[in-house]
Amino acid sequence: MADTEHKVKEPLFHIAKRSSIVWWKAWLIRLGAILLALIVSGLVSFLLTKENPLRIYAVMIDGAFGTKRRLWSLGQNIAMLLCVSVAVAPAFKMKFWNIGAEGQVLAGGLASAACMILLGDSLPNPVLLLIMIVASIGAGALWGVIPAIFKARWNTNETLFTLMMNYIAIQLVSFFVYKFSVPKGSGQVGIINRTSHAGWLPVYFDMEYLLNIVVVLMITFVVYVYLNQTKHGYEISVVGESENTARYVGISVKKVIIRTMLVSGAICGMAGLLLVAGTDHTISRDTASGRGFTAIMVAWMAKFNPFFMILTSFLIVFLEKGATEISTEFGLNESFSEIITGIILFFIIGCEFFIQYSVKFRKKEVA
Amino acid sequence: MKKFLSRLTTFLLVATLVLGCMTGCNSSEKDTSKGDTANTSNSSNTKNVKIGLICLHDENSTYDLNFINSIETVKKNLGLSDDQVIIKKNIPESNECREAAYDLADRGCNIILADSFGHEPYILEAAAKYPNVQFCHSTGTLAHTEKKSNFHDAFASIYEGRYLAGIAAGMKLNEMINNGKITADQAVIGYIGAYTYAEVISGYTSFFLGARSVCPSATMKVQFTGSWYDETAEKEAANKLISDGCVLISQHADSMGAPTACENAGVPNISYNGSTQDACPNTFIVSSRIDWAPYYEYVIKSVMEGKEMAYDYVGSLADGSVKLTAVNTNAAAAGTQEAIDKAIEDLKAGKIHVFDTNNFTVGGSKLDSYLADVDTDDNYTPDTEVIKDGYFHESEYRSAPYFDLRIDGITTLNEMY
């Protein structure tokens with residue numbers, strides 16, 4: 001008996017959960033992952049383009065920061081992704097898997113577009129803008145709160161519910177885009193109020209993206225305070241940790257779920273407003289362009305801290321811009337930029353594993 | 001441990017896939033560069049042009065591939081170098097289009113081309129911001145009323161191409177009737193359209209009139225998909241039409257959905273935007289397409305020589321903008337090529353007109369007057385009389401089609417898009 005016990009072979013290495021990790025070690029692992037990612041994607045790009053990998057990175061950086069316009073565009077894209085990420089954070093912190101941000105953004109965007117089209121000629125601009133703000137925030141909040149009510153009342157699965165709400169929003173947008181299309185039947189709304197600019201958000205200092213960026217930074221700050229300094233924020237983290245604990249200390253879980261999804265949806269609706277009235281001036285199925293899903297990754301990677309989300313959304317947008325630039329510059333298919341983005345994200349998300357767990361190698365046996 | 005190993009294998013798998021794909025991409029890259037060096041000898045004053053092309057999708061869309069091929073042809077013909085042509089693919093019809101246009105201008109492009117209808121308003125904004133850059137947009141409707149010296153629209157009289165392709169369809173229907181495969185009443189064509197937009201309506205009507213000019217008993221059913229590019233929806237629509245008894249299919253949407261469905265079902269297909277014979281060797285008959293190369297050559301030469309360009313350009317059979325691919329003799333009826341060639345001559349000579357009012361009725365009666373919405377506005381106001389001399393004058397008052405009549409003999413199955 002004792003003999004067999006001895007013969008159990010210890011594996012070469014095994015994985016153990018870390019109890020804690022010093023912050024600098026965690027960041028060292030992350031930095032290492034980014035370096036590895038750059039090496040691998042550099043290698044892949046080199047094999048594909050036969051270009052010097054350093055030149056490829058230079059092109060990436062140039063694509064994101066190369067001109068003043070690209071900087072603004074980078075800022076705008078970061079802001080919009082950040083806005084949606086900040087919006088989903090409260091729900092995720094509560095462990096409410098809201099994957100319906102795409103639909104909530106579209107609902108908000110559709111509401112503002114409808115106001116611009118239907119009321120554009122009849123109302124003075126400040127009144128119109130006010131109605132648009134209320135309508136889009138309301139539409140986003142409505143789209144968010146419906147699954148929350150069902151979850152709170154009947155414990156429906158919120159992941160499926162929010163996902164399905166996306167499709168309803170997309171089809172609604174398709175329907176109205178067709179209805180509002182110019183010229184008739186083209187399936188395109190075109191730029192709304194192209195000459196009158198009715199319902200367009202104002203442009204300050206001749207910088208068309210400035211307002212969006214400032215508004216999103218303000219929202220980020222407010223959400224940070226909301227999550228970390230208020231009773232509501234505390235209730236969200238308690239519900240997220242354990243619903244039973246929450247109930248035990250007298251928190252109404254139902255109320256928290258509904259209230260938090262109202263906030264989440266409202267911010268998504270705001271994002272829709274910024275996209276439609278601030279930059280695109282039109283509405284289509286592509287208005288949210290997948291940000292509702294990318295935002296989940298951004299929020300997770302930042303551990304639901306709104307300020308870290310600035311960093312993570314910067315990272316994602318930088319990768320997108322840089323990779324697109326590589327494919328334009330070297331005449332490659334767009335799929336190439338997706339490969340590069342995929343490789344880099346693989347490492348960055350993968351490294352969290354090594355922060356959570358440590359790899360222990362077999363100690364050399366003394367003979 | 002197991003977990004880790006499985007992750008490792010996944011990664012290795014991904015890596016091999018990536019490597020595999022790379023070798024594929026590489027070889028096609030080389031081909032184009034070889035072609036370029038062979039042709040650079042005849043470049044003279046081509047140095048002062050730099051062209052940017054904005055595409056809605058990439059080569060996987062037959063529509064965008066047609067544009068990419070056209071610009072590559074012109075690049076070769078004029079001996080332009082690689083860095084004189086920048087192609088931006090997968091640019092959606094949103095703010096990103098404006099950003100793409102600005103970025104091309106910042107890179108020093110003095111000609112910027114865009115291929116999708118929905119790009120137009122953004123291109124128009126970019127044109128206002130960069131007055132020294134020429135913006136040429138395909139399929140748009142605004143240039144003839146905007147009248148900006150650096151903003152241009154273009155289209156071609158593709159309804160003539162569709163009509164010719166329709167003749168090939170009619171010949172095939174006749175062959176099936178003569179073989180006893182179907183009765184004359186069963187000569188039903190199925191058509192997949194994107195939207196109930198004039199461009200689509202003009203396209204399927206001219207196609208139908210071409211078919212009916214040789215097969216008088218032909219009728220047609222049209223199914224709309226509500227998208228210009230939706231492979232699944234187009235495939236489904238084709239399957240539905242086939243199961244509804246359509247014996248020949250054509251489409252005006254940009255994916256390979258419909259041609260693939262036809263090949264799988266063994267139903268003859270008339271394609272659009274270019275040949276799909278490689279993927280559908282047994283069912284592809286012929287395809288009409290707009291060749292943008294003549295227009296692009298016109299644009300580039302105008303800029304090189306500092307000449308003014310038309311606000312609104314209409315390509316034709318005569319200038320080579322409207323083209324038919326080679327007829328696939330495996331699938332087409334005998335004598336198709338001859339019938340097409342004869343019709344080309346007649347169209348060029350003005351002996352026949354596609355939208356001759358003697359050849360169609362609307363609600364049972366012949367038309368002698370129709371006001372079309374030629375100048376785009378939010379209320380779709382009809383503004384121009386387009387029936388004169390016994391035919392509907394398509395693409396004459398504006399390059400983009402405006403024929404939007406529902407003629408007898410064609411049933412639209414779902415006009416919700």
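**Figure 1. Packing of helices α2 and α10 in chain B.** Helix α2 (residues 62–78) of chain B packs with α10(B) at an angle of about 50°, and their axes lie 9 Å apart; here axes are lines fitted to C-alpha atoms, for helices over the stretch in contact, and angles run from 0 to 180 degrees between N-to-C directions. That makes α2(B) oblique to α10(B), since angles under 35 degrees count as roughly parallel, over 145 as roughly antiparallel, 65 to 115 as roughly perpendicular and the rest as oblique. The model is predicted, so that local features need pLDDT of at least 70 and side-chain atom pairs count only at pLDDT 80 or more, while totals for chains, interfaces and linings use all residues. Residues are numbered from 1 along each chain as its sequence is written, and chains are lettered from A and ligands numbered from 1 in the order in which they are written. Helices (H or I, at least four residues) and strands (E, at least two) are DSSP runs, numbered from the N terminus. From α2(B), S70(B), I71(B), T73(B), V74(B), N77(B) and L78(B) meet A293(B), Y296(B), E297(B) and I300(B) of α10(B), two residues being in contact if their C-beta atoms, placed from the backbone, lie within 7 Å. By class, this contact of α2(B) with α10(B) has six nonpolar, three polar and one charged residues, where Ala, Val, Leu, Ile, Met, Phe, Trp, Tyr, Cys and Pro count as nonpolar, Asp, Glu, Lys and Arg as charged, and the others, Gly among them, as polar.

**Figure 2. The six-stranded sheet of chain B.** In chain B, six strands in the order β2-β1-β3-β4-β5-β11 form an open sheet whose pairing is parallel; two strands pair if DSSP finds at least two bridges between them. Its edge strands, each pairing on one side only, are β2 (85–88) and β11 (312–315) of chain B, and neighbouring strands of this sheet are turned by 20° against each other on average, direction ignored. Within the sheet, β4 (residues 134–138) and β5 (residues 151–156) of chain B pair in the parallel sense over four bridges, with H137(B) standing opposite D153(B) in β5(B). Helix α10 (residues 293–305) of chain B lies across β1 (51–54), β3 (111–114), β4, β5 and β11 of that chain, and runs at about 160° to β3(B).

**Figure 3. Strand β10 of chain B and its partners.** Seven of the seven residues of β10 (residues 284–290) of chain B are buried, so this strand is largely enclosed by the rest of the structure; a residue is buried if 20 or more other C-beta atoms lie within 10 Å of its own, exposed if 12 or fewer, and partly exposed in between, with C-beta atoms placed from the backbone. Strand β9 (residues 269–272) of chain B pairs with β10(B) in the parallel sense over three bridges, and F284(B) in β10(B) is the bridge partner of N269(B). Strand β12 (residues 322–324) of chain B, by contrast, runs antiparallel to β10(B) and is joined to it by three bridges, S288(B) having L324(B) in β12(B) as its bridge partner.

**Figure 4. Helix α12 of chain A.** The buried residues of helix α12 (residues 291–301) of chain A are R291(A), G292(A), T294(A), A295(A), V298(A), A299(A) and M301(A), and these pack against α4 (68–93), α5 (101–119) and α13 (306–329) of chain A. Just after α12(A), K303(A) takes a positive phi of about 55°.
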